Amino acid sequence: MPRRTQNRTIFADLFGNHIALLSERYERLLQREQIDVLAIHSGQVKRQFLDDMEYPFKVNPHFKAWCPLLDAPNCWLLIRPGKKPVLVFHSTEDFWTQQGRIDDEFWLPRFHVELISTPDAIDQHLPYDKARCVYLGEHIEVALALGIEEVNPEPVMSYLHYHRLFKTDYEQACLREANAIAIQGHEAAEAAYFSGESEFGCWLAYIQATGQGPNEVPYDHIIGHNEHAAILHYSVQSRQVIAENQRRSMMIDAGANCRGYAADISRTYAWQEGDFAQLIRAVDGLSRELAGKATPGTTFAQLHEQAHLSLAQILKDFGLVNMQPQEMIENQVTSVFMPHGLGHMLGLQVHDVGGNLADERGLVVSPPDLFPTLKTTRKIEPGQVFTIEPGLYFIEPLLQRLANTRAGQKINWKRVDEFRPYGGIRIEDNIIIHRDRNENLTREQGLA
């Protein structure tokens with residue numbers, strides 16, 4: 001069973017302060033935007049096309065920021081100025097599905113609870129005049145049917161997304177716990193790999209160790225052996241058992257969930273010692289270096305550029321590219337070997353929102369000219385949680401495109417060919433920024 005780093009009492013103690021901070025934050029928003037009721041919809045199930053079954057339910061992250069109910073469709077949170085938040089809980093006598101229960105939850109006293117037996121009964125708890133009522137959620141048709149015209153207004157969303165990246169002590173505890181659970185999965189998958197298991201066998205070992213099934217985890221696990229490690233979002237999980245003399249590498253990107261908060265961790269392993277194992281150690285060292293440089297006042301764009309400079313030095317040191325580091329960046333050579341951002345904000349969502357916002361009004365921090373597609377550009381501040389995940393990949397379409405450029409003449413293609421069968425490397429840690437230090441949630445809980 002998964003390791004537990006926090007018990008129920010600790011979560012309960014921290015949750016009170018979490019709700020108090022949210023209440024203050026939302027009170028400012030309601031006053032500023034002159035909102036009488038902010039109606040946060042948990043969401044509803046979606047029927048599969050031409051079928052009588054539903055897709056797995058995913059709760060609205062704005063809902064679970066207040067209330068850690070992850071499988072509660074047709075529920076609502078009603079936030080009013082100066083009032084205790086109201087949880088409108090949908091409970092029916094439907095015998096086809098498991099009915100949720102909330103009577104034993106430690107967080108329940110923080111809410112005034114109302115019960116409804118049908119989804120449309122929410123209208124009884126909303127004001128007749130909905131001119132100053134705002135809907136937060138994805139089901140716009142529900143808002144319009146209720147007569148709410150203000151749906152996810154930009155000033156409200158920008159304000160919430162900007163402030164959501166400052167994590168409370170409760171949220172940090174949840175992220176810490178999610179990492180502890182995910183680490184057990186990573187250790188189990190690593191052991192399965194070195195015992196000769198297939199990708200699917202490693203995946204089974206992971207979910208067995210974490211105790212979280214495919215519909216509970218924050219994202220689909222990525223477990224790629226050999227060339228599959230070059231597919232950034234690989235999700236096939238092959239059942240083929242690779243012969244020992246053909247086993248070369250495994251890249252695993254897998255997380256876990258705690259009360260709606262996500263862990264997102266990656267590691268890469270070499271089947272045996274050699275140049276690829278040394279390359280892994282070089283990228284691992286880069287990951288540790290960048291995690292230490294993520295200090296308050298630095299921007300993510302600056303950190304991303306530093307990552308590419310250091311990656312360029314690794315490419316030069318391993319004889320892959322015959323160029324100076326700055327020249328590699330200017331010719332977009334490093335972007336071939338690391339085509340994704342250095343990291344992303346982490347929290348209620350794996351790719352938490354607000355990573356490019358300069359202020360609560362929604363001003364966007366533009367990416368640097370050298371990296372125009374970079375999505376995470378925000379200034380780093382205490383209370384933020386994000387991933388640091390440098391990578392080095394041998395991706396066929398990108399390598400082929402590079403070969404047809406002038407810069408391709410300075411690539412040591414024979415050396416590249418030696419590494420192609422290994423796929424690639426990704427090392428990813430989860431970091432909390434404190435005023436006096438950086439807390440590496442992943443390393444400090446024991447994952448090497």
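Helices are DSSP runs of H or I with at least four residues, and strands are runs of E with at least two, both numbered from the N terminus. Counted in this way, the protein chain of this predicted model contains 12 helices and 14 strands. The radius of gyration of the chain is 24 Å, close to the 22 Å that the globule rule gives for 448 residues, and the chain is therefore as compact as a globular protein of that length. Along the principal axes, its C-alpha atoms occupy a box of roughly 70 × 45 × 45 Å.

The overall figures describe how the chain is packed. Of the 448 residues, 55% are buried, where buried means under 20% relative accessible area. Among contacts with a separation of 6 or more, 72% are made by residues 24 or more positions apart. The accessible surface amounts to about 20500 Å², and carbon and sulfur atoms supply 49% of that area. As for charge, the protein chain carries 43 positive and 58 negative side chains, and the centres of these two sets are 4 Å apart.

The buried residues are V156, M157, S158, Y159, L160, H161, Y162, H163 and R164. Their packing partners are α1 (8-33), α2 (61-64) and β5 (133-136). In general, an α-helix has 3.6 residues a turn, so residues three or four places apart point the same way.

Strand β3, residues 86-90, is likewise mostly covered, with five of its five residues buried. In a regular strand, side chains alternate between the two faces of the sheet. In β3, V86, V88 and H90 point one way while L87 and F89 point the other way, and all of them are buried.

The strands that pair with β3 complete the picture. Strand β2 (residues 76-79) pairs with β3 in the antiparallel sense over three bridges, and L77 stands opposite L87 of β3. The two strands form a hairpin with six residues between them, and in the turn G82 has a positive phi of about 70°. Strand β4 (residues 112-116) runs parallel to β3 and is joined to it by five bridges.

Note on methods:
Residues are numbered from 1 along each chain as its sequence is written. This is a predicted model: local features need pLDDT of at least 70, side-chain atom pairs count only at pLDDT 80 or more; totals for chains, interfaces and linings use all residues. Side-chain values use heavy atoms; hydrogens and water are left out. The radius of gyration is taken over C-alpha atoms; the globule rule is 2.2 Å times the number of residues to the power 0.38. Buried means under 20% relative accessible area, exposed over 50%, partly exposed in between (1.4 Å probe, protein chains only). Contact means heavy atoms within 4.5 Å. Accessible areas come from the Shrake-Rupley method with a 1.4 Å probe; for residues, only the protein chains shown count as cover. Lys and Arg count as positive and Asp and Glu as negative; His and the chain ends are not counted. The place of a charge is taken as NZ of Lys, CZ of Arg, CG of Asp or CD of Glu. Two strands pair if DSSP finds at least two bridges between them.
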